[in-house]
Amino acid sequence: MTFEEYVGSRGPALVRLARLLTGDPHRADDLVQEVFGQAFVRWRAISAMERPEVYLRRMLVNANASWWRKRANHERPAPDADLAWHHAGGTDIGVAVAETDAMWRLLRDLPRQQRSVLVLRYYEDLDDATIAEILGCSPSTVRSHAARAMDALRLALQHTPAE
Amino acid sequence: MPELDELLRATLDRHAAGEIDRVTLVARATDRGRAVRRRRRTVLTLTAAAVAVLVAAGGTVVVRAVGDGSALRPGAVAPAEVTLPDAGLPGAAIDPAAVGTDPNFVHFAAPAVVAGARHHTWSSTVGYERLEAEIDGGLVYVTIGRDQAAVDQADAMTNLPAVLRREPVPGLWLRVDARDDAYARRVAATLDLERTQRILLPFQLVERPSEIESAYVGFIGDRYAQGGVVLRDTQGGRMEVQAQYARDADGTHERSNYSARGRPAYVYPGQDEVALLGVPHLEVTVRIGKAYEGFGVADADAVLATLNVTDRVERIDTWPSSLTLG
């Protein structure tokens with residue numbers, strides 16, 4: 001598969017993953033372009049891999065980590081800009097929207113590694129071994145991150161008043 | 001705690017969703033990759049050496065700088081390979097009420113933009129019609145609609161510095177987004193608002209679970225890149241049928257794991273996408289999952305089993321003459 005064919009068919013999935021990892025659609029676009037830019041010059045080797053999609057996801061996760069390391073203040077996207085993005089389809093969805101908005105805020109507050117594990121497990125439906133390969137850690141570390149993240153979410157939800 | 005799992009999945013699905021323009025994604029990715037490669041090759045040293053050789057030989061070098069505006073030439077004619085057929089209907093300036101009412105048509109033409117574009121995409125959806133192009137090293141968006149708010153909403157995310165808004169005839173709104181005001185005005189001056197083009201794709205829907213809401217077709221240079229239609233049912237279910245150009249003669253590389261009423265197909269893990277196999281130079285897919293919830297594999301089945309697909313994607317004159325049959 002050529003680079004262009006791969007980006008055309010699998011690129012959108014990477015953009016969606018980047019939106020979840022970064023919490024910011026604009027930075028997600030930048031990050032994906034950065035990853036594809038690097039992948040372009042090594043495409044022959046990447047495309048020969050058994051699972052190029054795993055390698056690209058690892059590149060994306062690393063690029064996101066580098067972005068965070070470069071910013072000491074760990075800035076987050078402005079709430080208004082973020083809401084404007086995901087509310088573009090309408091505002092009359094009601095309670096379900098309030099619940100997912102609350103959950104989204106909690107997810108964004110999780111430590112980066114914990115959030116990455118939940119995104120890869122619950123959005124990408126990947127197994128722990130693959131997640132470990134992407135994050136560069138062991139499967140037991142993945143399980144540990146997942147357990148801590150879920151505990152934190154449960155605890156936070158118990159203390160979040162219904163809207 | 002199943003409720004937490006469900007809420008987590010719903011939250012992630014919702015925040016991952018949203019339109020992604022594949023033509024632009026591919027173009028930007030290759031641009032970025034080439035830039036990375038250029039940097040790695042320390043091109044400045046090589047260029048200086050080459051110029052020195054040319055000057056020493058008394059040669060003359062003509063260089064068209066990226067973004068110098070020379071690709072947009074009024075009166076230029078778009079290549080036949082990327083020219084959509086004339087619909088024989090009045091254009092937006094003559095019948096503004098028709099704009100954004102039928103995804104089969106775009107009620108304007110832009111031959112000069114198309115002729116000079118590195119890539120361009122036509123789209124038509126409820127409320128507005130649009131041309132997106134990369135020309136002279138920058139993106140340009142031309143949008144028309146019957147309502148100024150709808151046109152502005154369509155281009156809210158373009159983030160280009162210059163926006164030109166006009167009402168060329170009562171009831172028709174035109175917006176051009178470009179890198180600067182002068183370029184936006186130049187683009188506007190080349191538009192033909194008296195012509196209507198028919199949006200065509202290298203495939204045609206025969207059986208479909210609901211009506212087409214929007215259609216798009218994109219080209220890179222003078223070659224088809226991708227196009228598709230979005231179907232939406234009354235409950236908000238969404239399905240996208242898309243065909244992307246593939247260099248390989250047999251289309252998608254995946255091995256068949258499914259049969260769409262006898263046609264070899266591939267269901268992707270997650271059951272959110274089904275690809276039709278064996279179509280020369282095309283990857284034909286139906287996306288139904290994640291952001292497109294509401295339809296199932298059986299609906300994709302019906303669409304793919306009856307789809308008419310051209311076997312000569314490079315020849316627009318061999319494509320089906322309409323998006324749907326009947």
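How many bridges join E2(B) to strand E8 of chain B, and do the two run parallel or antiparallel? In this predicted model, two bridges link E2(B) to E8 (residues 195-198), and the strands run antiparallel. One of the residues involved is B:Phe105, whose bridge partner in E8(B) is B:Arg198.

That pairing belongs to an open sheet of three strands in chain B. The order is E1-E8-E2, with antiparallel pairing. Strand E1 (86-90) and strand E2 (105-106) of chain B are the edge strands. Each of them pairs on one side only.

Now take chain B as a whole. Its secondary structure amounts to 17 strands and seven helices. The chain has 326 residues, and 43% of them are buried. Consider next the contacts in chain B between residues at least 6 apart in sequence. Of these, 60% join residues at least 24 apart.

Chain B also touches chain A. The contact involves 34 residues of chain A and 31 residues of chain B. On the side of chain A that touches chain B, five helices each supply at least two residues: helix H1 (3-22), helix H2 (25-41), helix H6 (95-109), H7 and helix H9 (139-158). H1(A) gives the most, with 12 residues. What classes of residue make up this side of chain A? There are 18 nonpolar residues, nine polar and seven charged.

Two backbone details deserve a look, one in each chain. Most residues other than glycine have a negative phi. A:Asp125 is not a glycine, yet its phi is positive, at about 60°. The residue sits in the loop of chain A between helix H7 (112-123) and helix H8 (128-135).

In chain B, B:Asp136 likewise has a positive phi without being a glycine, here about 50°. Its loop lies between strand E4 (128-135) and strand E5 (138-145) of chain B.

Are these two residues buried or exposed? A:Asp125 has 11 other C-beta atoms within 10 Å, so it is exposed; the cut-off for that class is 12 or fewer. B:Asp136 counts as buried because it has 23 C-beta neighbours inside 10 Å, where burial takes 20 or more.

How values were computed
Residues are numbered from 1 along each chain as its sequence is written. Chains are lettered from A and ligands numbered from 1 in the order in which they are written. This is a predicted model: local features need pLDDT of at least 70, side-chain atom pairs count only at pLDDT 80 or more; totals for chains, interfaces and linings use all residues. Helices (H or I, at least four residues) and strands (E, at least two) are DSSP runs, numbered from the N terminus. Two residues are in contact if their C-beta atoms, placed from the backbone, lie within 7 Å. Ala, Val, Leu, Ile, Met, Phe, Trp, Tyr, Cys and Pro count as nonpolar, Asp, Glu, Lys and Arg as charged, and the others, Gly among them, as polar. Two strands pair if DSSP finds at least two bridges between them.
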